[in-house]
Amino acid sequence: MRDISEQEFILKHNRVYGEMIREERRRRNLSLEELSSGILSRTALEKVEKGKAQWTKLTGDTLMLRMGISPEYFESLSSGEDLDRWKMREDICLLVPGDSEQALAKLEEYRETYGRREPLEEQFLLKAEVVLMLSHAEGESEGKGHHGRESWFRAGDILEKAKQAVECTVRSGWEQSLADLCLSPGELEAVLLVGAALFVNGREEEAWTLWQAAWEYPKAHSWEERTMMLILPQAATAGIRQAYAFGSFADILTLSGLSEREMAARGWEALELLRRNGAHCYVLPLLDALCSLKEDLFRETEYSELLRQFREVFREVYEWFNYPGYRMWQGISVDNTRDAGNTLKMLRTFYGKSRENAVYDGGEVVVTPRQLEKIEKGIHKPSYENYRRLARQYGKLGEWNMPLLETDSADVLALRQKIVTLIEYCDCERAEWQIGRFRKMVNPEYPKVRQDLLFFDAILKQKRGGDLQECLEVLMEALRCTMPDFEGRDLKWWVYQREEIMIASNIGGFHRRLGNFDEAKRWYEAVLFSIEQNSKRTGIPACGYDIMTLGYSNYLGDIHSYGYAAKLSETTAQKLLQLYRIDCIQHLLYHVAWNLYEATSEIPERYESSRQKWRKAFRSSRTMAVFLCDSNMSALLEDRKTKYLE
């Protein structure tokens, strides 16, 4: 591994997150006060921008989301307590609105467990309560057979709590002009709930004005699509529901300012946004709303049939994996986040250090061995400075948030993501053209940039039929850009970053294709073990886990371990549903079908019991491939439908 100077890391690794916030804030003509309002002090944000402050995952992501930038471009470290809080909030999300009794108990538990809460946490709790209250009011109305507001006896309480939720982080006077404020998708969601509460209070005109402002906000503020998808699906759903709340769209036409066709177009726009970005947040409520509309409202009459197919497959898949199709979403995910304490433990183990040796940074003792033990277990939260000093001895000089590349440009990170997507969909010509643009915008001397360029070269060469051994050697060179000389070390204890997961997965895959099955197994199992270690607190595996397990499933198929391969793919699909983006689920479902089919061919007596499941998995895979606009996968499945369905 080439020696990487400390200055190289410090220049474009340690402080780049803060630099990027500052540059994006200035580009949008936002003051420190505007961006930080309600969640941080001006001074605290200034320290973040200078790379001198420690913050929580929730706060860091919200700063980026307020500017319309996706947090998935970054990799984060969080304390054990931060991740425990996220997990409890996620438990609440999975209960709201379907299980109100347990959800309310969990909300109470959260408040009792965490007496000191960030404004964003309190906003989340209040939003959950409002959703439950609205759901209860809607149920009572339907139960009594009313179309009006007479049965909504708690309408005033709902409105008051909804406003409290918004005002946890948004300054007073927000109703007059949302456009002048700096808001995240989660805050806009609170605004939509106020609109819903206004509607049930009979204040339809105010409700529609607020709904229109929330819908227009992301485009007016030039948000990226991957941030828009966190709010537009529920906005479209809310709009359609309100438009038809009393059975006739014409009754509220003058208030909404939209025709039926325009309202349908907004629902279509939100759904296509999810499809382009491989996401499923709020997809089932949105499909329900769209399926309730008349067929002639869509530009293509067959679109209504497609909507019904999508709704059916999501219902079937959610039921299969016992996953709530109607749920809240937090607004942030943790698949790009690692536990700071566990990270220190794994790195220490990788290098074979005792705690007594690991607490010494070359100059002095940073913490006591006992304190390090508590940090590793997540009992204690390391300070910003202590974590930096403990981690630097392992070459991990990044701070609490870091981009996937050494860059201070969100545009570069967005371009990188576009290249990865093009490669995933085997669009090699467009990928190469975008890589040419990418090279002109980055410094190829930085480790993670160099790593990406080598990775792109190896994968494109392989897809064009290049020599696998040569491709494998390029991938090994790419991995060494950020990993130490790993020969002789136990790879399962390395803390793999996202690109390292993708590279290691392909290294395992190339070994498999070359017939080096022992090496393939070693790489797959080491990386999967590492990912599972990092996901213990949340149950959410790191980004790239699905790609890794698909490769491992191929290996298992090669050695005829079909039953285990089918189970692995099924388990991975279940975990994938917990994330916003599911753009690999069509492959996972097909792997379930393929492995079950092959397993049954060797054990004929299981044919009838397995046949129904592989048919379901194959059908679901086909429809998901269409939903995710995966034409290559759709063509493959069309070619194989006779084998699996007839």
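Biologist: Among contacts between residues at least 6 apart in sequence, what share join residues at least 24 apart?
Modeller: That share is 74%. Contact means heavy atoms within 4.5 Å. Keep in mind that this is a predicted model: local features need pLDDT of at least 70, side-chain atom pairs count only at pLDDT 80 or more, and totals for chains, interfaces and linings use all residues. Residues are numbered from 1 along each chain as its sequence is written, and side-chain values use heavy atoms, with hydrogens and water left out.

Biologist: How many helices and strands does the protein have?
Modeller: There are 32 helices and three strands. Helices (H or I, at least four residues) and strands (E, at least two) are DSSP runs, numbered from the N terminus.

Biologist: And how many of the 646 residues are buried, as a percentage?
Modeller: Buried residues make up 58%. Buried means under 20% relative accessible area, exposed over 50%, and partly exposed in between (1.4 Å probe, protein chains only).

Biologist: New topic. Where is Asp82?
Modeller: Asp82 sits in helix α6, residues 80-95. Asp82 counts as buried because its relative accessibility is 13%.

Biologist: Which residues is Asp82 in contact with, leaving aside neighbours within four places in sequence?
Modeller: Thr56 and Lys381.

Biologist: Let's move on to Ser409. Where is that one?
Modeller: In the loop between β3 (401-403) and α22 (410-424). With 19% relative accessibility, Ser409 counts as buried. A polar atom of the Ser409 side chain lies 3.2 Å from the backbone nitrogen of Asp411.

Biologist: What about the backbone? Which residues does a cis peptide bond join?
Modeller: Val96 and Pro97, with omega about 5°. Pro97 is in the loop between α6 and α7 (100-113). Most peptide bonds are trans.

Biologist: What is the phi of Asn29?
Modeller: Near 55°, a positive value in a residue other than glycine. Most residues other than glycine have a negative phi. Asn29 lies in the loop between α2 (16-27) and α3 (32-36).

Biologist: Is Asn29 buried or exposed?
Modeller: Asn29 counts as exposed, at 68% relative accessibility.

Methods:
A polar contact is a pair of N or O atoms within 3.5 Å; within protein, one must be able to donate a hydrogen and the other to accept it, and residues adjacent in sequence count only if both atoms are side-chain atoms.
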